[in-house]
Number of protein chains: 2
Amino acid sequence: MDLVHSAMSVSLPKNWRSTMHGTMLYGPRDVRFEERPDPKIIEPTDAIIKLSAACVCGSDLWPYRGIDVIKQPVPMGHEYCGIVEEVGSAVRNIKPGQFVVGSFFASDNTCEICQSGYQSSCIHRQPGAPTGAQAEYARIPLADGTLVATPELPPDDLVPSLLSASDVLGTGWFGAVAAAVAPGKTVAVVGDGAVGLLGVLSAKHMGAERIIVMSRHADRQKLALEFGATDIVTERGDEGVAKIKDLTNGLGAHSVIEAVGTHEAMMQSIRATRPGGHVGFVGVLHDVEIPGREYFFSHVHLHGGPAPVRRFLPELIDLIWNRKINPGKVFDLTLPLEQAAEGYRAMDERRAIKALLLP
Amino acid sequence: MDLVHSAMSVSLPKNWRSTMHGTMLYGPRDVRFEERPDPKIIEPTDAIIKLSAACVCGSDLWPYRGIDVIKQPVPMGHEYCGIVEEVGSAVRNIKPGQFVVGSFFASDNTCEICQSGYQSSCIHRQPGAPTGAQAEYARIPLADGTLVATPELPPDDLVPSLLSASDVLGTGWFGAVAAAVAPGKTVAVVGDGAVGLLGVLSAKHMGAERIIVMSRHADRQKLALEFGATDIVTERGDEGVAKIKDLTNGLGAHSVIEAVGTHEAMMQSIRATRPGGHVGFVGVLHDVEIPGREYFFSHVHLHGGPAPVRRFLPELIDLIWNRKINPGKVFDLTLPLEQAAEGYRAMDERRAIKALLLP
């Protein structure tokens, strides 16, 4: 909001808001910050939140780079936390004024699939909800099922970590859960983006004895070590697999977190896992075709997909609130929201691990 | 052995044996029963067993049908049970005179992979051991790690069930374990061959509430129902998937046992499983390529491969010994070993579910 609007708002009705601003992707490497329609309650289960912080997701880079083709300009951003402004008439548990974190998949959290812990496959799920969270305000569908409130309004320094719980931490955490990380195990992490790094943090928290991270970037290696990595492997592909086998008595890791989404990364992950071990994959799979014969004889468990972040939110918020984990460290660049385009550029060029955007 | 040899053996030294006979595959649909060299102790960890019964495996049909191409004549058969004739100097636990059942993968049962329950990926594994168990005698490598003895010599009527534990039951059982079958769950079984049918038996034993078997053959449907199936689905492919969803409130089964090994069967299995559910695949994967994007959004766990039968043998032998399960019912054709070729033909033409061969 500009100064005039801010000044004006003093004398305007409580629910009045200026026309808001948000980011739109128009095509490859064409991110614009512009006026957007104010989000409104459409369904009685909706909530409108004022975003406290937003960010750029690694998955936003797929359309940004033109690998995922978009047919029309799209609002960007699906990671969010903020203050509830307004709720629909059917919303029971979420109240205006609360600070909330939600998953990037809206879910009712009551269906049989949600109850089994797979809220991102909820029978009423709304993928990519909210639409356009790199903005000042956002509409969150299925607010009662999707949002989790913090105990009270958080201090500013916890906001980045709470934001991370919405997707990037929740996704790294799910990667570790899907890879069956447990005390005493050796874990390898393929991918040194923010998700992979938070996979390291998650594995450490879950008691992994040894955490091998595959990374060639000094800044990411440093953060990985800070999050609990014990070994860095700079080799990739078959050489990377050989290096992990060298480090594990020839057997491979017990658990591998795949946080990239390419065929090469997936095959590297399967091959770096010992028979009976687990690959947890959370990079959105792109050109992947898993060859049956090789996979059959690998004896590797596969599990993954879009992280059911809602399952983990209460625990993650609690860990952040009590300062047991500090996932917000993945944000190594902070920009005003209107400079979102620079955040994309910095991540695309690997100058930043992850960009925090402040409205 | 023919009558002359049998008569002669009375006056011959205890360890003397006639030249034995066994089956060889020369090419597509060309199975011959012929003289074979007597198996001998080669490594000090070997045992020689006199087979009490042999059988034809569904996987034998891949080379029989020419789908798996063989370059030279190969001895056939890898499912076995029988009486120990002789052991090598390093064998400690297995003794001549014992009745034993073993896995089709020889394993040391002591390495880290074996100890984690994946003996068919043992670091010293010998696949397809023994070589040629559709014979009178067989050499079993790594006897101490591979063979499990019954409490005493079994009555004849238990021999078919004990034989089944060696592979077909162990494989169906692993399919159910890999599919995370548990009390109260709905299980679907893709494939109505002997492995699929014993997957039904396994799921029933593990407490599945509902067991849906996909089958179009009256004899197999009947046995499936006897083993505990609650529903029969005759549709295949997308229609079969739709039928399973109809039966499961639109969600899909919790657990699916894939007991075929084709791309169609694998995709049908993944699509018939609810988000968060498990596919256990035990059909040797042939033309399978699992598409990453679809698999990513399925949220399905995948696990399978060559069954680590050795893990389950003590429990399976115990269940059979105490007549808690009767897996030997899958043998609906019994032939003298020398008529092995007819056993292959009957299974190939689906006139038999599984052929038992008696030496």
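A residue is called buried here if 20 or more other C-beta atoms lie within 10 Å of its own, exposed if 12 or fewer, and partly exposed in between, with C-beta atoms placed from the backbone. Helices (H or I, at least four residues) and strands (E, at least two) are DSSP runs, numbered from the N terminus. The model you are looking at is predicted: local features need pLDDT of at least 70, side-chain atom pairs count only at pLDDT 80 or more, and totals for chains, interfaces and linings use all residues. Residues are numbered from 1 along each chain as its sequence is written, while chains are lettered from A and ligands numbered from 1 in the order in which they are written.

Let's begin with strand 9 of chain A, residues 186-190, where 5 of its 5 residues are buried. In a regular strand the side chains alternate between the two faces of the sheet. Here both faces are covered, with Thr186(A), Ala188(A) and Val190(A) buried on one side and Val187(A) and Val189(A) on the other. Two strands are said to pair if DSSP finds at least two bridges between them. Strand 9 of chain A pairs with strand 10 (residues 210-214) of chain A in the parallel sense, over 5 bridges. Within strand 10 of chain A, Ile211(A) stands opposite Val187(A).

Elsewhere in chain A you will find an open sheet of 3 strands, in the order 2-1-4 with antiparallel pairing. Strand 2 (30-36) and strand 4 (74-75) of chain A are at its edges, and each has a single partner strand, so one side of each lacks a neighbour in the sheet. Strand 1 (residues 20-27) of chain A joins strand 4 of chain A through 2 bridges in the antiparallel sense. Met24(A) has Pro75(A) of strand 4 as its bridge partner.

Now turn to helix 12 of chain A, residues 309-321. After helix 12 of chain A comes Arg323(A), with a positive phi near 55°.

How do the two chains meet? Two residues are in contact if their C-beta atoms, placed from the backbone, lie within 7 Å, and 31 residues of chain A are in contact with 31 residues of chain B. Helix 11 of chain A gives the most to the side of chain A that touches chain B, with 6 residues. Strand 14 of chain A pairs with strand 14 (residues 289-291) of chain B in the antiparallel sense, over 3 bridges; there, Pro291(A) has Glu289(B) as its bridge partner.

A rotation of 180° with 0.0 Å of shift along its axis superposes chain A on chain B (RMSD 0.0 Å), by least squares on the C-alpha atoms of residues with pLDDT of at least 70 in both. The two copies are thus related as by a two-fold rotation axis. They meet through the same surface, because 100% of the interface residues of chain A are also interface residues in chain B.
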